[in-house]
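Trainee: I would like to learn how to read a structure one feature at a time. Could you take me through this one slowly?

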Amino acid sequence: MDAKSDGDSDDDSGDDWDEVTEDFESIPCLFCNEVTNNTSMALEHLVASHRFDLKNFIMKHYLDTYSYIKLINFIRHKNVLPDQLNALNIKTWESDEYLRPVIKDDPWLMFDIEDLEEKTTKPIAYTVNSENGCVTLSEAHFAELQRTIQRLRAQLEQDELACYLAKQQIDEMVEKAQKLVLDGDLDENNTVSPSGNSNCNVDKGYFKAYSHFAIHHEMLTDKVRTESYRDALLTNANRFSNSVVLDVGCGTGILSMFAAKTGCRKVISVDQSDIIYHAIDIIRENDLGDIITLQKGRLEDINLDEDKVDVILSEWMGYFLLFEGMLDTVIYARDHYLAPGGILLPNRCTLSIVGSGDTRRYVKLIDYWLNVYGFKMSCMKAEAVREPNLEICKVDELITSTVEIQSFDLYKVTKDCVNFSSPFEFKVKKTGSLTAIVGYFDVFFDLDNPVHFSTGPHSSPTHWKQTVFSLSEPISITEGEILRGKLICRRHVTNIRALMVIIHIKNTSQVYCLE
């Protein structure tokens with residue numbers, strides 16, 4: 001017989017939460033505008049008005065304190081409804097970005113769920129069946145074991161990631177050592193720093209690249225990109241009248257000149273690359289020198305003439321959105337210069353992925369190394385896979401559903417937003433072989449006259465193209481099948497502008513490096 005009597009089995013219900021009566025000045029509902037002033041009323045309101053039992057939800061998902069905090073901030077951040085929430089799992093809100101409170105001093109974050117469990121769950125007890133030796137666990141004990149398993153799984157994922165990153169560093173050191181032995185020296189940009197910090201050299205190379213004319217010609221002739229910024233500014237000109245605009249990474253000054261045509265009072269244009277000297281001539285040539293002021297240097301290192309600006313304008317997006325690390329500077333500009341109620345252009349971006357079954361491409365780019373003029377070069381195959389390709393993908397070769405893996409609200413993101421882990425599910429639309437994961441991003445200007453553009457394969461091509469992560473081996477898939485996986489993105493260990501991406505899918509894992 002169990003250590004508890006059968007008569008107790010139905011006694012533990014959500015009503016026991018009535019014992020938790022800590023009073024607050026106000027407790028805003030998780031799903032509507034209702035405000036209560038004590039915990040019991042708040043919990044009763046969730047059940048009565050939204051048919052959402054928070055206690056049962058915590059038990060169902062075996063939430064610990066940290067996962068509970070992330071849940072509350074996820075609900076606040078995404079404005080998710082109870083019906084939607086019930087269809088999700090804990091992995092949806094596991095990102096550390098949800099540790100950051102959405103509402104200051106949110107009362108829901110002050111609940112001690114372990115204390116609540118003591119008042120609402122059955123006592124930990126178990127018995128051993130004498131016939132087969134099986135152990136019967138209490139509900140609370142079982143929940144604790146589930147939480148332990150989840151913590152261990154999360155730790156395992158972190159350890160695996162650390163191993164991947166350590167291997168990447170070792171491979172880079174081996175490559176540089178080989179270069180040192182063979183060439184006798186390393187060039188200035190490849191010097192190995194004892195501390196592993198080569199950020200100065202990375203910045204020099206980054207800004208030097210933007211001194212070349214070809215890259216600016218490529219961006220300016222990208223009509224999707226350039227005309228989207230133009231339309232966002234000019235069709236919403238009334239929002240920028242008499243304002244001060246900061247253009248971060250102005251390049252040739254094209255966006256600054258669009259801004260100047262909105263009726264703004266002043267545009268401050270900043271760029272560290274030498275292209276700014278040509279931008280000065282361009283601004284003068286177009287008689288806009290009375291509105292546009294140009295400054296050369298890193299935004300973090302210079303002083304602007306204005307303490308605050310009304311608008312921050314920047315075309316900061318890199319390949320796979322986050323490559324290049326220019327978002328860091330936009331965040332710095334937002335935190336130091338944007339006036340309360342100011343505008344960010346763009347203000348929102350999303351990252352998405354879709355599966356490709358382009359076997360011809362796979363044979364041409366990946367399997368090619370297995371037989372090169374009769375010689376095996378299989379060691380090159382691993383390198384070919386490790387480096388993602390930038391391509392315009394064929395729409396008819398896309399064989400899965402599209403999944404949005406991350407959303408970035410530029411008013412809220414931190415520099416750590418580059419580091420995220422996103423589970424995903426593909427629904428297979430066509431039987432065949434999955435050969436690559438295709439990544440792209442969408443950009444939003446949420447204004448009175450909203451503007452949006454996509455770099456995806458179903459949209460007009462842009463200079464960003466799509467980022468194609470080739471699989472080391474094709475995966476056979478069947479129409480209607482659900483493919484589950486996870487994409488992990490991390491800032492590169494030694495190059496702050498580069499990215500490490502790890503994709504787990506169908507029992508395979510692959511590490512990629514965008515640098």
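Mentor: We will go through strands, salt bridges, a helix, a surface patch and some backbone details in turn. This is a predicted model, in which local features need pLDDT of at least 70 and side-chain atom pairs count only at pLDDT 80 or more, while totals for chains, interfaces and linings use all residues. Residues are numbered from 1 along each chain as its sequence is written, and side-chain values use heavy atoms, with hydrogens and water left out.

Trainee: What is the strand order in the open sheet of 4 strands?

Mentor: Helices (H or I, at least four residues) and strands (E, at least two) are DSSP runs numbered from the N terminus, and two strands pair if DSSP finds at least two bridges between them. In this sheet the order is β13-β17-β18-β19, and the pairing is antiparallel. The edge strands, each pairing on one side only, are β13 (420-427) and β19 (508-514). From one strand to the next the twist averages 20 degrees, where axes are lines fitted to C-alpha atoms, for helices over the stretch in contact, and angles run from 0 to 180 degrees between N-to-C directions.

Trainee: Over how many bridges do β17 and β18 pair?

Mentor: Strand β17 (residues 482-491) pairs with strand β18 (residues 499-505) over 7 bridges in the antiparallel sense, and within β18 valine 501 stands opposite cysteine 489. In a regular strand the side chains alternate between the two faces of the sheet. Elsewhere, β14 and β15 run antiparallel and are joined by 4 bridges, with phenylalanine 453 in β15 as the bridge partner of valine 443. A hairpin through 5 residues joins β14 to β15.

Trainee: How many salt bridges does a search of the whole structure find?

Mentor: A salt bridge is a side-chain nitrogen of Lys or Arg within 4 Å of a carboxyl oxygen of Asp or Glu, and the search finds 19 of them. In one of them, arginine 225 and glutamate 315 meet at 2.7 Å, N to O. This pair links distant parts of the chain, 90 residues apart, with arginine 225 in helix α9 (residues 223-234) and glutamate 315 in the loop between β8 (309-314) and α12 (327-337).

Trainee: Are arginine 225 and glutamate 315 buried or exposed?

Mentor: Buried means under 20% relative accessible area, exposed over 50%, and partly exposed in between (1.4 Å probe, protein chains only); both arginine 225 and glutamate 315 are buried. Aspartate 446 also forms a salt bridge, with arginine 348, and their closest N and O atoms are 2.9 Å apart. Here aspartate 446 is partly exposed at 40% relative accessibility, and arginine 348 is partly exposed at 27%.

Trainee: Why is helix α2 (residues 54-61) described as largely enclosed by the rest of the structure?

Mentor: Helix α2 is described in that way because 6 of its 8 residues are buried, among them Leu54, Phe57 and Ile58. An α-helix has 3.6 residues a turn, so residues three or four places apart point the same way. Tyrosine 62, which follows α2, has a positive phi near 55 degrees.

Trainee: Which residues form the nonpolar patch on the surface?

Mentor: Patches are made of residues with over 30% relative accessible area and no salt bridge, where like charges are joined within 9 Å and nonpolar side chains (Val, Leu, Ile, Met, Phe, Trp, Tyr) within 5 Å. This patch is formed by Tyr368, Tyr373, Phe375, Met377 and Met380, which together have about 580 Å² of accessible area, as given by the Shrake-Rupley method with a 1.4 Å probe, for residues counting only the protein chains shown as cover. Methionine 380 is found in helix α14 (residues 378-386) and counts as partly exposed at 34% relative accessibility.
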